[in-house]
Amino acid sequence: MITTTKHLQLFLEQIAKILDITEAQYNQVVQRYTAVSNHLAQEDSELSKFQPDIKPQGSFLYGTMIRPIFETDELDVDLVCRLKGKMDSWAQLHLKQAVGDQIKENADYDRMLDDEGDRCWTLVYSGAFHLDILPAIVGQEHYTLFEKSYAGLAGTQVEALAIRMTDRNRINYKWDPNTQNWPKSNPFGYAKWLKERASLAFLKGVVLSENVEPLPGYTQDKEPLIRIVQILKRHRDIMFGEDDCEKPISIIITTLAAKAYNKETDILQGLLNVLEGMEDHIEDRYSNEHQKKIKWIANPVNPVEENFADKWPGEPNKQTKFYDWLEKAKADFEKIRYMDLTQAYNYLKEILGTRSVNEAVKELGLEMMISERYKPVNYNASLLSVAHRQQPSWPIYNQFNCQIYAYYRNRLNGERVTITGNTIVPKGCKIYFNAVTNVNKPFSVHWQVVNNGEEARSMGQLRGQIFQAQTLGKGGLQHNEDTMYEGLHWIECFVVKNGVCVARSSEFFVNIQ
């Protein structure tokens, strides 16, 4: 059956909802940073006279934050510690030290404090999230402007939302008390701009002059643009894995997507249009510093001075990897629009991750529309984040595809039985795994078998190591396993070329009973 556009649109929207952080996570983050804010502002604090408070910035403020690929990874929450003033003699160094010293006055926070960052103080809530707190000075008008929407702000008022922050890499970090010479950023002006770009107020009968709070309440009802950004960020994460150094940064993806967005309400069509239009908003500007034209992705609330692609000239691989990601994203989602639901389900697992896609299928009740071979197994999301699962050591750069197929032989008649999503595999037989990839040779193949369940645990056989292919069949793309322990297990295949994982299969589940 060919999937309707409506089915695929609902599917993508549900995947984005699954990618979103939960209400419990959201509330916990707000409670924690509010407590830190209250601690900084208490009466006996050296900072109290400057009325410090803490507000979110970045993806937590925009609503584009996504859950980590693995449940054991921590959320990264960006915050601004706003102060209405400072001591006249304070340079950036002194302001940052004053905020840090006050944080340390609380014994719990002192224990949770990470090593000092270039700009931030970081509190680590182990196993849950960490808070990056950026000390900053703001003007009085900054506060009153929060009561206005972006559409109601003049250019000078948008500028007044800017903050002056600390950065120990700046030459004047230790000695310059003039805040006009301090690094400038405008995370709240950007948030208001993004809110306007995402707004479908013209469809809802809501005027754009409505107040835009610094942090709206938790909601699962988000605008299509926000969902599109979340999907693109997860596609990037799956493609690049743990390679944080070269994967496209979120602010570039968010900005280009917002500029290319044309108020589409259909997420699939909006996604395709956004991907097609993102490159149009990358400028070529002459740089006096580099004495040549460079790529310029302008901050929409500081377009003359701030280039989000400022690292590309010095690290050209970042630019290359961005365009590689963009081309792959275009190709991947263009393929999806012509697939039936089974094909889309199977392909989306590769490009957006097994967990989120399976959860979306179950939430929407789409199992009956997916062929028996590919139906998702019944597992809890936490299963994929077991402690004994080894994480890949190579950079992940999923340019290509890898798909696993498997069968076992019936012990009684020797008949070949294909393993599908709902197959129960008996103990005491051999499973034959075959991986198919479009990576050109030469390459090396690695496998990961993750054993779970009480029987494997009691026998000390909770496997999870990644190992190089032990057979040369099809260049290592074949692997055999004996079924020894009851439980829900899985296997993955990694194709490595020149020290980089260029293709990684989704988890292939095996239910042994």
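At 75% relative accessibility, Asn 498 counts as exposed. Exposed means over 50% relative accessible area, buried means under 20%, and partly exposed lies in between (1.4 Å probe, protein chains only). The model is predicted, so local features need pLDDT of at least 70 and side-chain atom pairs count only at pLDDT 80 or more, while totals for chains, interfaces and linings use all residues. Residues are numbered from 1 along each chain as its sequence is written, and side-chain values use heavy atoms, with hydrogens and water left out.

Stay with Asn 498 for its backbone. Its phi is positive, about 55 degrees, although Asn 498 is not a glycine. The residue sits in the loop between β18 (487-497) and β19 (500-504). Strands here are DSSP runs of E with at least two residues, helices are runs of H or I with at least four, and both are numbered from the N terminus.

Most residues other than glycine have a negative phi, and most peptide bonds are trans. Gln 51 also has a positive phi, near 50 degrees. Gln 51 belongs to the loop between α2 (23-41) and β1 (53-56). With a relative accessible area of 45%, Gln 51 is partly exposed. The peptide bond from Lys 441 to Pro 442 is cis, with omega near 5 degrees. Pro 442 lies in the loop between β14 (430-437) and β15 (444-450).

Now turn to the helices. Two packed helices are described by the angle between their axes and the distance between the axes. Axes are lines fitted to C-alpha atoms, for helices over the stretch in contact, and angles run from 0 to 180 degrees between N-to-C directions. Helix α14 (residues 341-352) packs with helix α13 (residues 316-336) at an angle of about 160 degrees, and their axes are 10 Å apart. That makes α13 roughly antiparallel to α14. Angles over 145 degrees count as roughly antiparallel, under 35 as roughly parallel, 65 to 115 as roughly perpendicular and the rest as oblique.

The crossing of α13 and α14 is left-handed. In a left-handed crossing the near helix is turned anticlockwise from the far one by less than a right angle; clockwise gives a right-handed one. Which residues of α13 and α14 meet? From α13 come Lys 328, Asp 332, Phe 333, Lys 335 and Ile 336; from α14 come Ala 344, Tyr 347, Leu 348, Ile 351 and Leu 352. By class, this contact of α13 with α14 has 7 nonpolar, no polar and 3 charged residues. Ala, Val, Leu, Ile, Met, Phe, Trp, Tyr, Cys and Pro count as nonpolar, Asp, Glu, Lys and Arg as charged, and the others, Gly among them, as polar. Contact means heavy atoms within 4.5 Å.

Helix α14 also packs with α1 (residues 5-19). The axes of α1 and α14 come within 12 Å and cross at roughly 25 degrees. The two helices are therefore roughly parallel to each other. The crossing of α1 and α14 is right-handed. Leu 8, Phe 11, Leu 12 and Ile 15 of α1 meet Leu 341, Ala 344, Tyr 345, Leu 348 and Leu 352 of α14. By class, the contact of α1 with α14 has 9 nonpolar, no polar and no charged residues.

Helix α1 also holds Gln 9. Is Gln 9 buried or exposed? Gln 9 is buried, at 13% relative accessible area. Its side chain reaches the backbone oxygen of Thr 265 at 3.3 Å. Beyond its neighbours within four places in sequence, Gln 9 is in contact with Thr 265, Asp 266 and Ile 267.

Side-chain pairs come next. Arg 82 lies in strand β2 (residues 75-83) and is buried, with a relative accessible area of 4%. Its side chain makes a polar contact with the side chain of Asp 53 (2.8 Å). A polar contact is a pair of N or O atoms within 3.5 Å; within protein, one must be able to donate a hydrogen and the other to accept it, and residues adjacent in sequence count only if both atoms are side-chain atoms. Gln 478, in strand β17 (residues 478-482), is partly exposed at 30% relative accessibility. The side chains of Gln 478 and Asn 434 make a polar contact (3.2 Å).

Finish at Trp 394, in the loop between α15 (354-364) and β11 (402-409). Trp 394 is buried, with a relative accessible area of 16%. Leaving aside neighbours within four places in sequence, Trp 394 is in contact with His 446, Ile 466, Phe 494, Val 496, Gly 499 and Cys 501.
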